[in-house]
Amino acid sequence: MTAVTDRQKLSYIAAQAADARVNVELETEGMTLNIGPQHPATHGTLRIVAQLDGEQVIRAEPMAGYMHRGYEKLSEVRTYLQVTALINRIDWLGSFANEVPFILAAERLMEVEAPPRARWIRTMLFELSRIANLILFLGDMGVQLGAVTPVFFAFRDREFVLDQIEKATGGRFHPMFDRIGGLKDDLPAGWIESTRSSMDKVRSFCDEMEDLLLGSEIFQQRTRGIGVIPKDVAMQYGLSGPNARGSGIDWDLRRDNCIGLAYDELDWKVWTHPDGDSFARFWVRLQEVREAATMIEQLCDGLPSGPVMAKVPRIIKVPEGEAYVNTENPLGEMGYYLVSQGGLTPFRLKIRSASFNNVSITPWLLRGRLRTRHHHDPRFALLHPGGHRPMTSLFALELAYWQETLIRVLVGLAAALGLTGAVVYLYLFKFVSFMQSRLGPMEAGPYGSLQLLAEVGKWLQKEDVTPERADKFVFGIAPAVVLTSTFLIFVVIPAGPNAVIADLATGIYYVLGVSSLSVIGILMAGWASANKYALIGGLRAAGQLIAHEPPAGARRGGRGHHRRQPQPAGHRRRAGRR
């Protein structure tokens, strides 16, 4: 770990500010670039409006609120139990952790305390949610920097953690398991042993991340000194969680303000890093995953016996009053300010989420930075036929020729294999159709290790390709229409420097037009199935495609993607321009 002094941090910030003033005397025309928003079905949609001066970011404003669904107002017409169904969705990856501070606030007003066993189980599920959240961050961080393997490891090992949450609560992402006065149920038999085993896999994942990413020179070059947030700036913006501890702020609500959970009975450590850059924030999250696994093992070893639910009325009416409870959630401080007038529902509810404060520092963090441009990198020159070609030697031309030839051969082989696989797939269905009534094995292979393959085989045997009352001809050619439009899209994708069929403007509209053919195939399948639900599903999918493609085409074509900035009064245009 390399500590960065305050003087070095201030010097780095001053250098960035000096770069931002380079073009002050030049009358350059600014550009506004919309980064996002992503598809409306993407959870956590974010849009950043960046104002550029050439390659430099002058201003970047995050547009939060695309996923704001009025939880605070909806809670006023829901019972306290129903509110947990709403707040589960504030942080999908945090799952159970979202419920805890709200329940603790209600318990404070009712002067109810959960039994010791319930508090320990709450803490275990809280830390399992933390691990499930941070594991995905650690794996996805590698993808953002060019390493694809870590995210596959993350999805693989996160399943073990989600399995434990599901075994205890019945839900993977939305448990609705916490109750005022305790928990819905006790732990199932064998849960403690399987949780210990899953923690061993979590530790192995952390070791793999340390080898794959922290031990990589490329990863360190792309994270060290990047996005430096000094300690005082982090405190001014109200950062919390790993983002604050990555800037050297030794503050953790689990230790400093433990309410209703069992952290004060465990032996654990708060991890901080002094550098305040991207590497430091990644490193802190990695250590917190290890620390959470250690805490869960301590909780499994010392779990007390007894009930998991205190005596509370069947119909919950929280007494009149106000309470604010905050906890250390995976993303940072999560707080609920609850106001009750003695009714069945909250009178008012204010939610303090960690992400709002953490995202608010984006304008400060991005100001003065340079926008990345891969197409000027010589390593990418051969992938951009219309760009610069710094490699003009005979070797470079020969390399481009063989690259184009190899791509053509691979495309031809892929098409042949795809056609052969489709024919074999159809004949396989005909061959196993007479076996539809078979139940099949329930535990195939040693200890059920091959059960997944057996399930696939049973599915193939039980299901027919074509519905019983369908128009078999129309239903059969519908997939061909969809696949044909998909493969025709690749006609405009350059296969090499000399294999460019259409330019960008023609190509993007060609893609939009050809991809629209898939809408016809979807509607054909829905109509021919003789099933109203399938037809409604086809209409919905077609509606999504039709609604998504015209805006995408307009933006790709240059409309709405950027706009000119208004010029101030008295601005004089540059010489030579009309």
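User: What do the numbering and the values rest on?
Analyst: Residues are numbered from 1 along each chain as its sequence is written. In this predicted model, local features need pLDDT of at least 70 and side-chain atom pairs count only at pLDDT 80 or more, while totals for chains, interfaces and linings use all residues, and side-chain values use heavy atoms, without hydrogens and water.

User: Why is Val409 called partly exposed?
Analyst: Buried means under 20% relative accessible area, exposed over 50%, and partly exposed in between (1.4 Å probe, protein chains only). Val409 has 45%, so the term partly exposed applies. Val409 is placed in helix α15 (residues 394-432); helices are DSSP runs of H or I with at least four residues, strands are E runs of at least two, and both are numbered from the N terminus.

User: Why is the pair of Phe126 and Tyr263 called edge-to-face?
Analyst: Rings of Phe, Tyr and Trp (its six-membered ring) pair if their centres lie within 6.5 Å; planes under 30 degrees apart count as stacked, over 60 as edge-to-face and the rest as tilted. Here the centres are 6.5 Å apart and the planes stand at 90°, so the pair is edge-to-face. Phe126 lies in helix α5 (residues 116-144) and Tyr263 in the loop between α11 (253-256) and α12 (278-302), 137 residues apart. Both Phe126 and Tyr263 are buried.

User: What makes Arg224 a charge over the face of Phe279?
Analyst: The rule asks for NZ of Lys or CZ of Arg within 6 Å of the ring centre and within 35 degrees of the ring normal. Arg224 lies over the face of Phe279 at 3.8 Å from the ring centre. Lys269 lies likewise over the face of Trp271, at 4.0 Å from the ring centre.
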